[in-house]
Amino acid sequence: MTGVDLTAWILGPVLGLITFLFIFRIILTWYPQVDLNRLPFNLIAWPTEPFLIPLRKVVQPIGGVDITPIIWVGIFSLLREILLGQQGLLTMLSRVN
């Protein structure tokens, strides 16, 4: 297993998990009464909040709706496709080796 294969093997599930957590975070925004400091909701809020805080300073809520989790889903999906997609950078590098 080369370094490129190992990177792809680790990065794939990590990017998938982060995207999955942000999708759950989007669903949690539909329920504002949920306390994000209690289990199991803090398992979703804790890893996603460091990404959301700086973006919230740049992107204001639209109509009172926080769209920053949606932006991060797009960013991580694009990143996963660019790196690990069918013609992604890491996929192409692993075929060369």
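Trainee: To start with, how many helices and how many strands does the protein chain have?

Mentor: This is a predicted model, so please keep that in mind throughout. In the model, the secondary structure of the protein chain comes to four helices and zero strands, and reading along the sequence gives the pattern α-α-α-α.

Trainee: OK, and what radius of gyration does the chain have, next to a compact globule of 97 residues?

Mentor: The protein chain has a radius of gyration of 16 Å, whereas a compact globule of 97 residues would have one near 13 Å. Along the principal axes, the C-alpha atoms fill a box of roughly 50 × 30 × 20 Å.

Trainee: What share of the residues is buried?

Mentor: Buried residues make up 28% of the 97 residues in the protein chain.

Trainee: And which residues make up the largest nonpolar core?

Mentor: That core has nine residues in all, namely L15, I18, F22, I26, L52, L55, W72, V73 and F76. The elements that give two or more residues to this core are α1, α2 (42-58) and α3 (68-84), and α1 gives the most, with four residues. As background, nonpolar side chains tend to be buried together in soluble globular proteins.

Trainee: Can we zoom in on F22, then? What does F22 touch, leaving out residues up to four places away in sequence?

Mentor: With those neighbours left out, F22 touches T48, F51, L52, P69, W72, V73 and F76.

Trainee: New topic: how do α1 and α4 cross?

Mentor: The axes of helix α1 (residues 3-28) and helix α4 (residues 89-96) come within 9 Å and cross at roughly 145°, and the crossing in which α1 passes α4 is left-handed.

Trainee: Which residues meet there?

Mentor: From α1 there are V4, D5, T7, A8 and L11, and they meet L90, L93 and S94 in α4. Sorted by class, this contact has five nonpolar, two polar and one charged residues.

Trainee: One last thing, about G74: where is it placed, and why does G74 count as partly exposed?

Mentor: G74 lies in helix α3, and G74 counts as partly exposed because its relative accessibility is 39%, a value between the cut-offs of 20% for buried and 50% for exposed. In sequence G74 and D35 are 39 residues apart, and in space they are 26 Å apart, C-alpha to C-alpha.

Conventions
Residues are numbered from 1 along each chain as its sequence is written. This is a predicted model: local features need pLDDT of at least 70, side-chain atom pairs count only at pLDDT 80 or more; totals for chains, interfaces and linings use all residues. Side-chain values use heavy atoms; hydrogens and water are left out. Axes are lines fitted to C-alpha atoms, for helices over the stretch in contact, and angles run from 0 to 180 degrees between N-to-C directions. A crossing is left-handed if the near helix is turned anticlockwise from the far one by less than a right angle, and right-handed if clockwise. Contact means heavy atoms within 4.5 Å. Ala, Val, Leu, Ile, Met, Phe, Trp, Tyr, Cys and Pro count as nonpolar, Asp, Glu, Lys and Arg as charged, and the others, Gly among them, as polar. A nonpolar core is a set of buried Ala, Val, Leu, Ile, Met, Phe, Trp, Tyr and Cys residues joined through side-chain atoms within 4.5 Å. Buried means under 20% relative accessible area, exposed over 50%, partly exposed in between (1.4 Å probe, protein chains only). The radius of gyration is taken over C-alpha atoms; the globule rule is 2.2 Å times the number of residues to the power 0.38.
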